[in-house]
Amino acid sequence: MSETNLFPLWLSLRTASISTVIVFIVGIAIAYIMARRTFFGKNALEAFFLLPLVLPPTVVGFGLLYLFGKNGLIGRALAYLFDFQIVFTWYGALIAAIVVSFPLMYQSATAAFGQYDKNIENAALTMGKSRWHVFWTISFPLAWPGLLAGVVLAFARGLGEFGATLMLAGYIPGQTDTIPMAIYFAVEAGDMDKAKYWVILIVILGFAAIYWLNWWSTKRMMKHRR
Amino acid sequence: MKKIIVVSLFFIVSLSMSGCNEEKTELQVAAAASLTDAMKEIKTVYEKEHDVDLSFNFAGSGKLAQQIQQGAPVDVFVSANEDWMDRLEQESLIETDTKEDVVGNELVLIAKKGSNFNYSSMEDIDKTELDDIAIGMPESVPAGAYTKQTLQATEQWDDLEDLFIYAKDVRQVLTYVESGNADVGFVYESDAETSDQVEVLATADSVNIDSIVYPGGVTASSTNKSEAEAFLTFLQTEEVQDVLDKYGFVSR
Amino acid sequence: MLQVAICKQLSHFTLDVELTANNEIIALAGPSGSGKTTILEAIAGLTKLDEGSIVVHHRSFVAKGKSLVPVQQRNVGYVFQDYALFPHKTVWENIAYGMKRTSFAKQMMEDVGIHHLKNQYPHEISGGEKQRTALIRAFAIEPDVLLLDEPFAALDEQTKTTSYAQLLQLHEKWQIPIVLVSHNQEEVKHLASRIYMIQNGKVYDVSDNT
């Protein structure tokens, strides 16, 4: 490559990292509540959360475009309240990454919070500790290995997100081009050298992220429990 | 995915046919996605008059060309783009003497219906009124390449460049304009015809761009060359050209 | 003093029970699924009730089916059926989690002989040691009521005998109502001063019949 434009790398890392952090917090909060409450329509709500997993990304993108677009419900509200635009900006890439990776984090977190004896939490509650304290000292550490698996999946999914991102963020070089977009347009334009360069980079990136998190989680797990 | 469906359909069809005595000739036609609706109508007409089954594979011209390069069983290729046809011809994958221009198209400027833009030509585009302009990626989408050509000819390209949102295909350009996220967009006239939510503001001046043609040809690997050629000839008839005209194409 | 009069609709029957305990050990017996654990959970504040009241030492936990005191403020010690020890915490961390006084907790650990295990994790100790850890963990909060859900069921005979003695000893020192859920007749007779039998959602005082 003659001109080494590293923007897509920087943007991909930024969107995947930020979306992972957001999805981690929101996914855990919702999964924790859902695992401990029963209410009317819970199953329907759960199915809705997992919808982005089964829908083709372009369909998700289409839905997001109509929701966050200039004439969309949320898009108009944001424009009116904060003069803020999501569509055709890197925030569009962020929203897309959040939406498609949320189900993976949610699934992992639900499984993680469901796998240990609920009486362990109850025992802590009878000892006079607040739910917040119990969550951080008991629930979170016990669910940690499963949560970490969710983080790995969410990050990888966010990094590789293409369909919905392209729809919502559009392709604007230097502003919204993530690595998958750079690869797609390079392939379409027949620029195979450029495509190969980015493919190798994203493979290294994805592999390194998963490898590191796996290594770290096994190390942590060995320390704690079997 | 589309390929899998087409292949499996082909399989099902051939299975059901194996029980019959008279074997109908089946022609595999790979046609540019923009021709989808028109070709469906043409298929009905053609199959009524001829003892031939037509199977279509609609996709972007580049994708179809790549499939042919990889040996997909195709008899007739109708491309929306001359480059891909030329490339296949150079690789001797298309019978040169069968190559023919099937139909033409025009590049148009569109906006959402009811918008207030009064641009009767490309030169009227007023940057100060616009936030976003949706165009096909010039390097990969033929309509995008023509957009670049026409705007460069009128020396507007550099000026408007920072408003461009690049789309991966014309369908995406339409979606952006239909949903009001892009103020205007550039598509083929036949694409604009498929949407009742957009209106054509202006048509690109033919002196500014190469004429937009859809070349067709019989593949070198075709096992039904005479039937394939007959179909290509049929596409030139007035009857077919009228159908294409109806769908917004420019008849030859 | 513990007074319980509660009503709760369960999936197959209605639990409608009344029982009282002075500073004594009472036993709840009855077939599995009869609602014994539900009664303990109601006292601890871990399950909602339809109707009824729960009073501990003149403090109303529940009145007219409504919870007045959340689980955290009831000061009820609870030994769960599978002990529910914190698997990621050591024996000492388990006990220290809710304890009131370090010296008292340490003394009790000495008394039941688990002090030397303080740095072990639950998966590293035996069933009897787990049971004692759970018992001391519950006692360490210096509770007003102690709830024991089949705490001896998983132990061998030898260990049981020791554990019975330890429980009686602790109770003698720490005069509070203790509710023991158990299947074991011998155990119940040996430990409890009053025995309640639960059947079809109703409770019967069977102390004198045995």
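## A tour of chains C, A and B

Start by selecting chain C: for its 210 residues a compact globule would have a radius of gyration near 17 Å, and chain C has 17 Å, which agrees. That radius is taken over C-alpha atoms, and the globule rule is 2.2 Å times the number of residues to the power 0.38. What you have open is a predicted model, in which local features need pLDDT of at least 70 and side-chain atom pairs count only at pLDDT 80 or more, while totals for chains, interfaces and linings use all residues. For your selections, residues are numbered from 1 along each chain as its sequence is written, and chains are lettered from A and ligands numbered from 1 in the order in which they are written.

**Stop 1: chain C as a whole.** Colour by secondary structure to find six helices and eleven strands; helices (H or I, at least four residues) and strands (E, at least two) are DSSP runs, numbered from the N terminus. Of the 210 residues, 44% count as buried, meaning that 20 or more other C-beta atoms lie within 10 Å of their own; 12 or fewer makes a residue exposed, anything in between partly exposed, and C-beta atoms are placed from the backbone. Among contacts in chain C with a separation of 6 or more, 69% are between residues 24 or more positions apart; a contact has C-beta atoms, placed from the backbone, within 7 Å.

**Stop 2: the sheet in chain C.** Next, pick out the five strands of an open, antiparallel sheet, in the order S2-S1-S4-S5-S6. Strands pair here if DSSP finds at least two bridges between them. At the edges sit S2 (14-21) and S6 (66-67) of chain C, each pairing on one side only. Now zoom in on S4 (residues 51-56) and S5 (residues 59-63) of chain C, which run antiparallel and are joined by three bridges. Which residue of S5(C) is the bridge partner of C:Ile54? Select C:Val62 to see it. Then show helix H1 (residues 36-44) of chain C, which lies across S1 (2-9), S2 and S4, running at about 115° to S1(C). The angle runs from 0 to 180 degrees between N-to-C directions, with axes as lines fitted to C-alpha atoms, for helices over the stretch in contact.

**Stop 3: from chain C to chain A.** Show both chains: 16 residues of chain C are in contact with 18 residues of chain A. The chain C side has eleven nonpolar, four polar and one charged residues. Ala, Val, Leu, Ile, Met, Phe, Trp, Tyr, Cys and Pro count as nonpolar, Asp, Glu, Lys and Arg as charged, and the others, Gly among them, as polar.

In chain A, select helix H1 (residues 7-36), whose 30 residues reach 43 Å from first C-alpha to last, close to the 44 Å expected at 1.5 Å a residue. That expected span is 1.5 Å times one less than the number of residues. The buried residues of H1(A) include A:Leu11, A:Thr15, A:Val23, A:Phe24 and A:Ile28.

**Stop 4: chain B.** Twelve residues of chain B are in contact with 16 residues of chain A. On the chain B side these are three nonpolar, six polar and three charged. Chain B has ten helices and ten strands, and its C-alpha atoms fill a box of roughly 70 × 35 × 35 Å along the principal axes.

Finish at B:Trp157, in helix H6 (residues 157-160) of chain B. B:Trp157 counts as partly exposed because it has 16 C-beta neighbours inside 10 Å. Leaving aside residues up to four places away in sequence, B:Trp157 touches B:Lys148, B:Leu151 and B:Gln152.

Notes. Two residues are in contact if their C-beta atoms, placed from the backbone, lie within 7 Å.
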